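Colleague: Could you take me through the predicted model that we have open here?

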Amino acid sequence: MGADPMAAVSGDRPIGVAIVDDHPVVVEGVRAWLATEPRLTVLATGDDPDEVLRAAPEADVVLLDLRLHGRMALDKLAELSATGRRVVVYSEHTDPQTMLAALDAGAVAFLAKHEGREHCVETVLAAASDRPYVPPTLAGAMVGDPRPDRPMLSDKEREALLLWFQSMSKASVARRMQISEHTVKQYVDRARIKYTRAGRPAATKAALLARAIEDGLVRPEEIGIYRSQATHDRPTP
Amino acid sequence: MSADLNAPAHLTDAPEAPTRASVPTPREPVSPEALAAPAAVAHASDRGARIAAVVIALAWHVAIALPAVLAARAEFAAPAVVLGAWILVAVTGAVAGVRLLQGSPLPPWPLAVLLVVVDAAVFAAAGERQLFTAANWVWGTLGWFFVLAVWGQRVMGLIALLSTHAVIALVAVLGHGAEPADVARYVMYVYGTFSLPVAVFVGSTVIVGLARERAAVSAAGHAMAAERDAAERGRQERRDRLALVSSAAGRVLGDLATGQADPGDPEVQRRCMLAAARLRRLIAESDDVPDPLLHELRAAADLAERSGLPIDLVTIGTPPPLPVEVRRRLADPLTGTLADARGWARLTVVSGPDEVVVSLVTPDREGPEATGPPPGEHDDGPVQYLYERDGNIRWAQTRWRR
């Protein structure tokens, strides 16, 4: 399953997680999931992102329910991502548009609420070290992205995403594509990194990309993000 | 009055028999036959005008021209030419009329040339004394045969033919040493030969156009109403299923809350799983009018679920309109495998404009293969079928590429 996501996390300090959800039962459920992983510790929970982060400003990862009090919190997500907060969105709203909009807004990852404990723990661990993790539902949204300005994925990347979405088993995808599981994960992660180009620039996207380059997952010229972001940032006359 | 009117009118195909389960039957992609309905209406309207034109031409030729020709046959410069030309036009006109009514008209321009030649010959053969009488039958009759010859063509063709006729007549009139009265008569005759055929020709074109337009508007209205009905039925179905699922989920939750059900009991867990899977599927249905392929797969999923199999059906994108055959090849192998599945199932559909991939994953277990093609890779026309089991999962996939 590729490089150990924990490799770059410094020191012995556990990863601090803040949970934002307006359903106490969900907060308790997620807390129970994360408690099975000793490297994770939940620092604060609540239904208001600002209050939760005031209580735990040092949180490494924010698990954010996208729908808070009946409203989609995409603006809040963009705001947090712009300031470099690693936000993992988890939601029962798994229509592809919502998932892609969350990535565009700067979410480090998108997790469907039904995807279960293992994906949740994996996603948070990966997010803490600015590494991508693509659960199957998100893979489906990426492979079916109909937008004309979607990132250009290679055939192998598309196929890996598609098969991962279908089977939810990297071992089975590896067997089908006759490659190693490690390579499957690389294809999927590279596709995710290409999505750091979509939407507005955000500190989290830059961090994901920088780590991917550092890890040798992608080369800058494969992404073309530097020039593209510069164009984005330049004020229009 | 364009070429497509000559095609036989198709009626729309009988709708497909509804498939098994209670999901509303979706809209079929608009068939070319359905689009041909306005053309069929226009065709019917055009047929009436054709009959009128053929009847006018032949009736005039027989009832008005023939008696006059016969009465004046001794006074023509060349009676044989005038009579022969009459017979030639009668025969040709009858054939042209029949062919026009059958929808396979004679080639217009050779026919027009023949009529112009006859015109000139009759003017030459009629002689000065019969120039303006009914016995010079080309005045009254030929314009109508021009109409038959160029039916379905542009009106300019007819006007060109009538103008040629006017020039031929002018040459004849001047050739016989015209007096001012003759010129006045000539102008009147030309006006008479022009006005009625052109009016009938243009009128029928306009009527056919209007009929086609009205039929198209009405067809579009019907299609919209049908779509609205399907959407309404779909919504009603979804509401009903939501009520059903909600009550099932509500019962489990109620039992759990009152302590009647033990969360550790595998049967209770199974009930929870089923209720959750159903709710997820309902939430995931975002199409207003279900696509036929998704409809088939949903029906199969509902069926499998009713026999107690928790199943996830995830769709990404909307399939493009697919031929029935392709749809069948995409869905059938998987619905067969699904009927045989145990434990759980994950059915996914990823659609783009040029590709549709359907996949079914179920846990592998001992025992024979599911019903369906043997394991491996098969190409069934434009649809590729893949099936494998690896001890962990059974994985069936069908893939259509444009």
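Colleague: Is A:Asp65 buried or exposed?

Modeller: In the UniProt record, an unreviewed entry, the annotation "modified residue: 4-aspartylphosphate" covers A:Asp65, and in the predicted model this residue lies in strand 3 (residues 61-65) of chain A. A residue counts as buried if 20 or more other C-beta atoms lie within 10 Å of its own. Because A:Asp65 has 22 other C-beta atoms within 10 Å, A:Asp65 is buried.

Colleague: Which residues is A:Asp65 in contact with, leaving aside its neighbours within four places in sequence?

Modeller: Contact here requires C-beta atoms that lie within 7 Å. With those sequence neighbours left aside, the residues in contact with A:Asp65 are A:Val20, A:Asp21, A:Asp22, A:Val26, A:Tyr90 and A:Ser91.

Colleague: Within what arc do the buried residues of helix 10 of chain A fall?

Modeller: Helix 10 (residues 203-214) of chain A reaches 16 Å from its first C-alpha to its last, close to the 16 Å expected. Its buried residues are A:Thr204, A:Lys205, A:Leu208, A:Leu209 and A:Ala212. Seen down the axis of helix 10 of chain A, these buried residues line one face of the helix, because they fall within an arc of 135 degrees.

Colleague: Which element gives the most to the side of chain A that touches chain B?

Modeller: In chain A, 17 residues are in contact with 17 residues of chain B. The elements that give two or more residues to this side of chain A are helix 6 (136-143), helix 7 (155-167) and helix 8 (170-177). The one that gives the most, with four residues, is helix 7 of chain A.

Note on methods
Residues numbered from 1 in each chain as written. Chains lettered and ligands numbered in written order. Predicted model: local features only at pLDDT ≥ 70, side-chain atom pairs only at ≥ 80, totals over all residues. UniProt positions renumbered as here; feature names shortened; annotations may be inferred. Buried ≥ 20, exposed ≤ 12 C-beta atoms within 10 Å, placed from the backbone. Contact = placed C-beta atoms within 7 Å. Expected span 1.5 Å × (residues − 1). Arc of directions from axis to C-beta.
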